[in-house]
Every structure is written in C-alpha cells, then in structure tokens.
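Here are my notes on this model, point by point. Please read them with the structure open.

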Amino acid sequence: MTTATSQRDAAGMRLNLRAVAAIYRFEMARTWRTPLQSIVSPVLSTALYFIVFGGAIGSRMQSIEGVPYGAFIVPGLIMMSLLTQSIANASFAIYFPKFTGTIYELLSAPVAWWEAVIGYVGAAASKSMLLGLIILLTATFFVPLRIEHPAMMLLFLVLTATTFSLFGFIIGIWADGFEKLQVIPLLIVTPLAFLGGSFYSIAMLPPFWQKVTLFNPVVYLISGFRWSFYGLADVSLGVSLGMTLFFLLLCIGIIGWIFRTGYRLKN
Amino acid sequence: MTSPSPIITVSGLSKTYSTGFSALKSVDLEIRRGEIFALLGPNGAGKTTLISIICGLVKPSAGTVLADGHDIQRDYRAARSTIGLVPQELTTDAFETVWSTVSFSRGLFGKPKNPAFIERILKELSLWDKKDTQIRRLSGGMKRRVLIAKALAHEPRILFLDEPTAGVDVELRQDMWQMVRRLRDGGVTIILTTHYIEEAEEMADRIGVISKGEIILVEDKAELMRKLGKKQLSLQLQQPIAALPAALSGFDLSLSPAGDEIVYTYDTQAERTGITTLLQGLGEAGIRFRDLSTSQSSLEDIFVSLVKERA
C-alpha cells in the first residue's frame, strides 16, 4: 500500500494547504450536521431581542441621534452574536478533539501550528460571519436599516470574527473540562458584550462609567461597527480599528506561544 | 530483508514528564527497513511514550529520532509524512462516516485526493460496505479497522500499531495479523507494541523488550527463542524419593517438594542434551518413573525472566 512517490511528495512539502482545507471542510461540515444548534438557535435568540427591545420596548424609546432605537441596536446585536458564536465555535472545535483524543491525528500530521489555526479559526470565523449576515438579513424584516459604509462593515465583521475565533481557540486549548470551556464566555464575554454598548450609546452613561467602559474592548468593536452602519460612533473610528487589530495581534501572539511551548497539547 | 540504512534511528532518547516521572532513559534503537518489530513490555514500561515521541505527540526531553533520514523535530513535515499511527485507544469522530474520516486523514497529511486508493484500503480492511456508516454505529473491532484505514490513508512507509489487538476478539486478531503481514509484504515497516507475548511471537521479525524506560534487549525473534530457549524434562516417579542420587549431581535437576517429580533443565542447542545418560543413571539408582513430558520455554517465560533479572 505504499508508493515510491510518497517520500518525494513529503520532502517537497513546504506548505500543507491540503491539511488546511481538510480541517476547514471538516469543521464546516459539522455546522451543516447540526443546523439547529449552529444557525437556528442563535438566529432565534437574536430575533427575540428585536421583538423585545426593538419592537416592544423600543417603540417607547426616543431615537438616538436620529436613529430609531430598534435600528440602533442592530449592529450591537450582530456583534454580540459574532463574539459569542466565534468563541463558541472555535473553542469547541479544538476542545472536542482534545476531549475525545482524536487530536492525536492532528499532532502526528505534517501540519504546522499556524496551518491548523487557519483551518480551525477560519472555519469558526466563517460560520459566525455567515451567522452575522443571516442576522442582518433577519433584522431587515423588523427594523429599517441603512449601511453607510459597507466595506468598513465587512472589515469589522472579518476582524471581529477572526479575533474572537482566535480567542475561542485559546480558551479551547486552555480548558481541561467543560466547565472551563464555558466559564470565560459566560462570566466575562457575555457581561462585556452587554456592557459594550449594544443597547445604548455610552454617552448615555454617567461620566464615571463612561471612563470605566473604555476598558471594555467590546466597546471599540461595537462602536466601529455601528459607525459603518449609521456614521455614529462612541469612540473614533481609528481607535476602534486600532484596538481591534491590537486584540487580533495579541491573540495571534498567545497562540504562537502555545504552539511553541506545546502548552496543554504536548507533554 | 535488511538494508544498510535503518528506517528509524532513535538515539539517546529520554523523556521526563513534568511530574518528575522518567518514562524513557536514554533509549537507543534502530528499526530495519521492511521488518515487523515488536516492542514488548509490561504496562508503564515506556512503549507508548516512545511511540508518541516518534510520532510527534510528545516532546522528547533529550535525544534525537530520524524517520527515514528526517529528524522528527527539525524536519517534522517530511518525517511525519512517512509515518502512520494507530493509537491504542479507540479515538474516533463518532459522527463522521467511515469514508469522510479516512479521506480527512489523507488530506491532513497533505496528499491529493485519491478515491480509488481509499476504496482499496477500505476493501482490504473489510470496511467497504460500511463506508457511509457513522463511526459510532460500528463495533469495537470495526472502529479499530477504521483507525488503521486512517493511518494508511496517506500511504505511510512506517506504520505504528500501539497495542493493536487489545480487546480484540480472536478471529479479528488473526485477520489483523494477516493484514499486518500483507502490509509488510507491500514494503511497509511495522512497529507494534504489545504486552501479549503471543502476538510478538506470532508476528515479529525482531523483538525489543522495554522495561522501566530502558530497552533491555533487541534480538531476532528466532535467535531470541534459540538463545534463551530452555527445555525441561519432567519425570513423574512411581515412588517418591527423599533426595536426588549423588551420582546425578552433574545434572541440572530439581526435585519437587513431595519428592515425586524430577525436573531436568537442558539446553536444546548444546551438543549433547544428556538425556540418555540421565535416564541410565536414574535406572541404575533404581528410580522408576510413571510418565515423562518435555516443555519448551515460551517467549513469555523468557520475558518474565528478563524483566525479573533487571528488577
């Protein structure tokens, strides 16, 4: 069952793009196998936000800087889904093989760490971006939307999905039990997302809390994303982009360290 | 069968886990191209650690490994491309189908798609009719074959089988052995770990014995059996005797506590086994026997005595 060419192929392999593709396809296939969990459930929960905050409560609220409340919360809601789903997708994708033991194959394969990251994180980010776009589409049924800067919107979508998929990947490697897998998303990311200005402009906060809130990275994501819709921002666009890129690089740095040291992957 | 350059060269390989446990102590080992090598040792001897380092799952603390001439750390892509690993545990993606999981493995190892080749593997492993079945619906033996198919999907030149027949029924074990021989005939070098001596005895060309993180012996199987293969002649006596006759003190004899059995240990490779002289001597001493039997030490006896010697 061996061939004479296998050695030559191996020696000539500088990049294992087939492995990246295999991991990516494997992860995407998992989504289509579990559409309820992967797509329907997050879309439903976002739709509920539109009904409750946009429809029921929003109708009694003033518009914010000329944007109706229901429309104002759309970018924030998409961002929240993007954050939580990116983390959930990526953390689960790498945690599960560790849990079942199938990670042996990845570790024994001629795959560079960054190739594995591109496969897993790329798939996780693709899924959550797809979800973000589905939610955007859903939103058009509930509220009047306008997107002033579509290119910037897509850029924020890509950067945020990638950054938080990387972050989820780190959580998945760090976690050695299902509880740890959940603890950061539930106890840190969800509060930060809720307090990141999804439902309000931070200008609505008392001055002290406006300062505190600037330590919340999610503020920069939501602010920048909302700017791409309505031209409204809590912080300047440059700062938003800069912070997003900073978190992206930080996550890449941590993952590089994890793989160089074999942390939690190799004894 | 042997060729000048070994397919795997392990030099001074050590592994100390963060707990302080020293799983491997400066192991040197060469695997010959095209052989079936059995790594034999009790649980916890370091078999899996050794395999895991060669395959890239565990980082060595010291030492080097060359796989087909490629350093497993510096030149890991080339080294790993030549190796297939069948792990000890039945770790599979439960919800994947047989076909997709085996195809995935081929892609992961950077090989272009080749459905005809995967079809051949699945047919050889009697998995073809299960190709669209989810792995969780397969029996344990079938899952083991799926793992083998995954390991073979990228056409490795070296195949590691970590305890391949653990928990596998007798029939499947025979199938497995046949399949391993076919692979070897196809040019694949096979390294299997086992604590079933029967398996090593049945399969291997050469046997390495590992105990407490050290390779204590590497030998051709036949040579090993010959070298250490002692035979015993047991004589059941008609009447118990109190002591062995002094005239027979030149023989390696032992008397059972009840005095009704004499065991003579001899070397089948010696010029003379001494059996005729012994039986004459017994006759002259007036010792008559009811029955006699001979037995040859199995690999298991050899193994137990080796491990004991080191303890």
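1. Residues 33–262 of chain A are 77% helix and 0% strand, with 31 Å between the end C-alpha atoms. Helices (H or I, at least four residues) and strands (E, at least two) are DSSP runs, numbered from the N terminus. UniProt, in an unreviewed entry, lists this stretch of chain A as "domain: ABC transmembrane type-2". UniProt positions follow the numbering used here, feature names are shortened, and annotations may be inferred rather than shown by experiment.

2. This is a predicted model: local features need pLDDT of at least 70, side-chain atom pairs count only at pLDDT 80 or more, and totals for chains, interfaces and linings use all residues. Residues are numbered from 1 along each chain as its sequence is written, while chains are lettered from A and ligands numbered from 1 in the order in which they are written. The model scores ipTM 0.85 and pTM 0.83. Chain B averages a pLDDT of 88, and 95% of its residues score at least 70. pLDDT is the predictor's confidence in each residue, from 0 to 100.

3. Residues 116–142 of chain A are 89% helix and 0% strand, and their end C-alpha atoms lie 39 Å apart. Residues 181–202 of chain A are 64% helix and 0% strand, with the end C-alpha atoms 30 Å apart.

4. Which residues have the most contacts inside the largest nonpolar core? They are Leu83(A), Tyr120(A) and Phe169(A), in a core of 70 residues. Helix H4 (residues 69–100) of chain A gives the largest share of this core, 17 residues. Apart from it lies another core, of 68 residues, including Leu24(B), Leu40(B), Ile72(B) and Ile121(B). A nonpolar core is a set of buried Ala, Val, Leu, Ile, Met, Phe, Trp, Tyr and Cys residues joined through C-beta atoms within 7 Å. Buried means that 20 or more other C-beta atoms lie within 10 Å of a residue's own; exposed means 12 or fewer, and partly exposed is in between, with C-beta atoms placed from the backbone.

5. Leu83(A) contacts Thr160(A), Phe164(A), Val189(A), Ala193(A) and Val218(A), leaving aside neighbours within four places in sequence. Two residues are in contact if their C-beta atoms, placed from the backbone, lie within 7 Å.

6. Val143(A) sits in the loop between helix H6 (113–139) and helix H7 (150–174) of chain A. Is Val143(A) buried or partly exposed? It counts as partly exposed, because it has 18 C-beta neighbours inside 10 Å. Beyond four places in sequence, Val143(A) touches Phe50(A), Gly54(A), Pro68(A), Gly70(A), Ala71(A) and Val74(A).

7. Chain B has ten helices and 14 strands. Its C-alpha trace spans about 80 × 45 × 40 Å along the principal axes. The radius of gyration of chain B is 24 Å, whereas a compact globule of 311 residues would have one near 19 Å. That radius is taken over C-alpha atoms; the globule rule is 2.2 Å times the number of residues to the power 0.38. Buried residues make up 40% of the 311 in chain B.

8. The contact between chains takes 36 residues from chain B and 29 residues from chain A. On the chain B side, helix H2 (76–81), helix H3 (98–108) and helix H5 (140–152) each supply at least two residues. H2(B) gives the most, with five residues.

9. Two backbone angles in chain B deserve a look. Asp68(B) has a positive phi of about 50° although it is not a glycine. Asp68(B) lies in the loop between strand E4 (62–67) and strand E5 (70–71), and is buried because 23 other C-beta atoms lie within 10 Å. Glu163(B), also not a glycine, has a positive phi near 50°. Its place is the loop between strand E7 (158–162) and helix H6 (170–185) of chain B. Glu163(B) counts as buried, because it has 21 C-beta neighbours inside 10 Å.
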